[in-house]
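Please open the structure in your viewer and keep the selection tool at hand. The tour below goes from one selection to the next and says what is there.

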Amino acid sequence: MESKFTEAYPKAPDEVKQADCEKVSGMLDLIIDGEASSEEKLYFNHHIEECVSCFENHQKQKLLKGLVAGHLKRVIVPKSLVQSIKAKIQETL
Amino acid sequence: MSDQTGKQLSKEEKDARFEAELLPVLDPLYNFAYRLTLDEDDANDLVQETYLKAYRFFDYFEQGTNAKAWLFRILKNSFINEFRKKSKQPAKVDYSEVEGYYNTDDVEGESGVASTTDMRTESVQDLIGDEVASALNTLPVDFRTVIILCDLEGFTYEEMAKILDIPIGTVRSRLHRARNSLKEKLEKYAKSMGYNS
Ligand SMILES: [Zn+2]
């Protein structure tokens with residue numbers, strides 16, 4: 001309201017939104033990996049409350065991480081491996 | 001790292017600490033090796049080599065610091081410096097196997113009766129896991145690596161930067177590209193199964 005200067009060239013709402021969306025999509029990994037700062041989290045959460053497409057992107061990215069974390073089967077370590085390691089260490093001392 | 005003698009450990013102390021602090025990482029380490037080499041024998045060799053090096057350089061390992069990250073770093077360096085060179089086929093990706101998986105309709109029409117029945121008894125969970133593994137295995141090894149470190153092993157960006165010897169910014173961009181790639185492959189699969197992404 002006060003600043004006449006910024007009001008003189010207001011950005012179109014779409015433009016503003018697009019810039020926000022780009023910023024938010026650049027934060028997606030930080031958010032799902034727990035690497036975002038509290039400021040970033042706040043900004044992010046505020047944005048996805050209002051923006052459906054970013055909300056959906058967030059869901060998808062979480063799902064993707066969950067697929068690897070929760071569904072990728074772990075391979076079983078061969079029983080003989082520990083013994084081989086110990087043997088190898090002793091013989092090459 | 002010249003005169004960092006610290007306390008010279010007796011062999012007994014060294015062996016005991018080695019077992020207590022480094023051997024518990026065996027499971028994740030072997031899994032990492034397997035995801036890099038895509039071969040159980042190669043994973044075995046790589047893990048043995050890693051522990052041998054860790055034992056030799058154990059004096060440089062500071063007690064109470066991140067043993068897991070330290071071992072992962074040694075393993076990744078061994079993989080790059082020696083293993084890849086030694087291996088006859090540098091990038092072992094079995095595309096035919098992956099392709100076969102996607103084209104199950106073709107298989108069903110011909111001789112794939114046995115494998116189809118196996119597929120039915122397998123749970124949906126297993127199928128998803130297999131699909132994620134297939135998709136992951138087709139990614140370049142650098143992409144596969146960051147996804148494994150981050151999503152499967154839960155390393156932080158900072159730890160990943162140390163393990164991989166790259167800046168955090170590179171960790172982030174690599175992870176981002178790796179995920180886009182993986183997403184693309186899995187979306188293709190989801191569509192073929194009739195899901196809308
Ligand atoms: Zn948005």
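A nonpolar core is a set of buried Ala, Val, Leu, Ile, Met, Phe, Trp, Tyr and Cys residues that are joined through side-chain atoms within 4.5 Å, and buried here means a relative accessible area under 20%. Please keep in mind throughout that this is a predicted model.

**First selection: the core**

Select B:Phe18, B:Leu22, B:Val47, B:Tyr51 and B:Leu182, which are the residues that touch the most other members of the largest nonpolar core, a set of 74 residues. This core draws at least three residues from each of two domains of chain B, namely domain 1 (11-86) and domain 2 (116-192).

Now centre the view on B:Phe18 and ask which residues it is in contact with, leaving aside its neighbours within four places in sequence. Within chain B, the contacts of B:Phe18 are B:Leu23, B:Tyr51, B:Ala54, B:Tyr55 and B:Phe58, and from chain A there is a contact with A:Ile89.

Show chain B as a cartoon and follow the chain from the N terminus, where the elements run α-α-α-α-α-α-α-α-α-α-α; the secondary structure comes to eleven helices and zero strands. Chain B has 197 residues, and buried residues make up 47% of them. If you switch to a surface view, the accessible surface of chain B comes to about 10,800 Å², and 50% of that belongs to carbon and sulfur atoms. Among the contacts in chain B with a separation of 6 or more, 69% are between residues 24 or more positions apart.

Next, colour the two parts into which chain B is divided, domain 1 (11-86) and domain 2 (116-192). The contact between them takes 14 residues from domain 1 of chain B and 14 residues from domain 2 of chain B, while the C-alpha centres of these two domains lie 22 Å apart.

Move to chain A and select the zinc ion, which is coordinated by A:Cys21 through SG, A:His47 through NE2, A:Cys51 through SG and A:Cys54 through SG, at 2.0 to 2.3 Å. Along the chain, the donors of the zinc ion follow the spacing C-x25-H-x3-C-x2-C.

Why is the arrangement around the zinc ion tetrahedral? The four donor atoms subtend angles of 102 to 114 degrees, and the arrangement is therefore tetrahedral, since four donors count as such if all angles lie between 85 and 135 degrees.

Note on methods: Residues are numbered from 1 along each chain as its sequence is written. Chains are lettered from A and ligands numbered from 1 in the order in which they are written. This is a predicted model: local features need pLDDT of at least 70, side-chain atom pairs count only at pLDDT 80 or more; totals for chains, interfaces and linings use all residues. Side-chain values use heavy atoms; hydrogens and water are left out. Buried means under 20% relative accessible area, exposed over 50%, partly exposed in between (1.4 Å probe, protein chains only). Domain bounds come from an automatic or database domain assignment. Contact means heavy atoms within 4.5 Å. Donors are N, O and S atoms within 2.8 Å of the metal (3.2 Å for Na, K and Ca); water is not among the atoms, so sites may look incomplete. Four donors count as tetrahedral if all angles lie between 85 and 135 degrees; four count as square planar and six as octahedral if opposite donors are over 155 degrees apart and all others between 65 and 115; anything else is irregular. Helices (H or I, at least four residues) and strands (E, at least two) are DSSP runs, numbered from the N terminus. Accessible areas come from the Shrake-Rupley method with a 1.4 Å probe; for residues, only the protein chains shown count as cover.
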